[in-house]
Amino acid sequence: MKKVIICLVLFLVCGCSPASSNSLENYFKDDTCYNYHYQHLTKKQQKLYQKIYNIAYSQEKDVQINQKDIDKVTPIIEKVLKDHPEFFYVEEWTLTNKGTFNFKYTFTKKEIKNYQKQLNVIVQQIKENTKELDDYEKIKYIYEYLIQQCKYQEDAKYNQEVISALIYHQTVCSGYAKALQYLLHEVGIESTYLTGMADDPSGNNDYHAWNMVKYDNDYYYIDATWGDLVNSDFETVNYDYLMFSSEEMNKNYQIQDSYENTTNDNNTYYKKEGYYFEHYRIDDLKQRIDFSQNECHFQFSSEIYEYAKNRLVSQGDAYTIIGVSNDREIKYIDDERFHTIYLRW
């Protein structure tokens, strides 16, 4: 669901003089975030972006930004917030016809510091748990961690922000995506927040948020919201939405932001983990099953996907591969968009 940042354009002359953005300390110069959206702005737009960033960072009010055009300010604010999930306390903004800018903050400065302390505790634990992992393993760990910690809830508290996912453990797509972006940054991995329209696993088209991650000098996509698979009978991690390619993204999403193409799909989840098959052989599938997990998932090339699905589901090869009797129930989920089949027993 989309967060509505409300802009109120005020045509009132305030009785007090606003602070100049030039008088604010330049916190942006020390910012270490990926700032993907910032990189796609003109030099002039980047200057305004830095002003907005400094205001949000310092939680200032009544700042003269020397820009009165709401149409020029709006996209800059959107990009600042997409680049910076740590600004969870920004709620609304106003701009007067004199160029005085204001953010409305959800919390007091004391409350913000308290939330930041809670987030820091989580970050330190994540860093400790991932310190021996390589970058791919860190990405996978955080994806699984987030899904296991969170529940999708439309009316979740502060559901558009990182704190809904990491502190309150209930969120929507914005919260999942911002939490993933936030944690990846903290372990040294560049990622960004993307939005657009998307066809969800049920076939509904809705506004959505997901992530692009930079890995091994290439770009991959992650959607932790849809990776959090909740079935009527069970809950599990859906790996279709971990490290998928730009080609797969464009089949399922109508992106509204700039993005990068994947040049090497060998780092997509199924290929990286060895669950991708171009030939259908029962023995090959067996070797990739961890029988202690009571579940497995495969991805097949487009040429053999329908054949593999027919063999596994309709002709009963799933029972042969798993090694259980035909009177035992095997549940399956197939996704023709990713050419994947999930089995659970």
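The largest cavity of this predicted model holds about 40 Å³ of space. One cavity of 30 Å³ or more is counted, where a cavity is a set of points on a 1 Å grid over the protein atoms alone at which a 1.4 Å probe fits but cannot get out. Grid points are joined across faces, edges and corners, and the volume is the space filled by probe spheres set on the points. Residues are numbered from 1 along each chain as its sequence is written, and side-chain values use heavy atoms, without hydrogens or water. As the model is predicted, local features need pLDDT of at least 70 and side-chain atom pairs count only at pLDDT 80 or more, while totals for chains, interfaces and linings use all residues.

The lining of the largest cavity consists of Asp240, Leu242, Met243, Phe244, Glu248, Thr268, Tyr269, Tyr270, Gln299 and Phe338; lining residues have an atom within 4 Å of a point. These residues divide into six nonpolar, two polar and two charged (Ala, Val, Leu, Ile, Met, Phe, Trp, Tyr, Cys and Pro count as nonpolar, Asp, Glu, Lys and Arg as charged, and the others, Gly among them, as polar).

Gln299 also stands opposite Thr340 in strand S17. Strands (E, at least two residues) and helices (H or I, at least four) are DSSP runs numbered from the N terminus, and two strands pair if DSSP finds at least two bridges between them. An open sheet of four strands runs in the order S14-S15-S17-S16, with mixed pairing. Strand S14 (276–277) and strand S16 (331–335) each have a single partner strand, so one side of each lacks a neighbour in the sheet. Helix H11 (residues 305–314) packs on this sheet and touches S15, S16 and S17, its direction making about 15° with that of S17; contact means heavy atoms within 4.5 Å. In the hairpin of S16 and S17, four residues lie between the strands, and His339 takes a positive phi near 60°.

A second open sheet of four strands has the order S10-S9-S8-S13 and antiparallel pairing. The twist averages 40° from one strand to the next.

| Strand pair | Sense | Bridges | Opposite residues |
|---|---|---|---|
| S9 and S10 | antiparallel | five | Lys214 and Tyr219 |
| S15 and S17 | antiparallel | five | Gln299 and Thr340 |
| S16 and S17 | antiparallel | five | Ile333 and Tyr342 |

Helix H6 lies across strand S8 (191–199), S9 and S10, running at about 10° to S9. Helix H4 (residues 135–149) packs with H6 (residues 173–186) at an angle of about 145°, the axes being 10 Å apart. Axes are lines fitted to C-alpha atoms, for helices over the stretch in contact, and angles run from 0 to 180 degrees between N-to-C directions. The crossing of H4 past H6 is right-handed, that is, the near helix is turned clockwise from the far one by less than a right angle. On the H4 side, Ile139, Ile142, Tyr143, Tyr145 and Leu146 meet Tyr176, Ala179, Leu180, Leu183 and Leu184 of H6. This contact comprises ten nonpolar residues, with no polar and no charged ones.

Notes: 1 Å grid on protein atoms, 1.4 Å probe; cavity = no way out; pocket = protein on both sides within 12 Å on 5 of 7 lines; lining within 4 Å.
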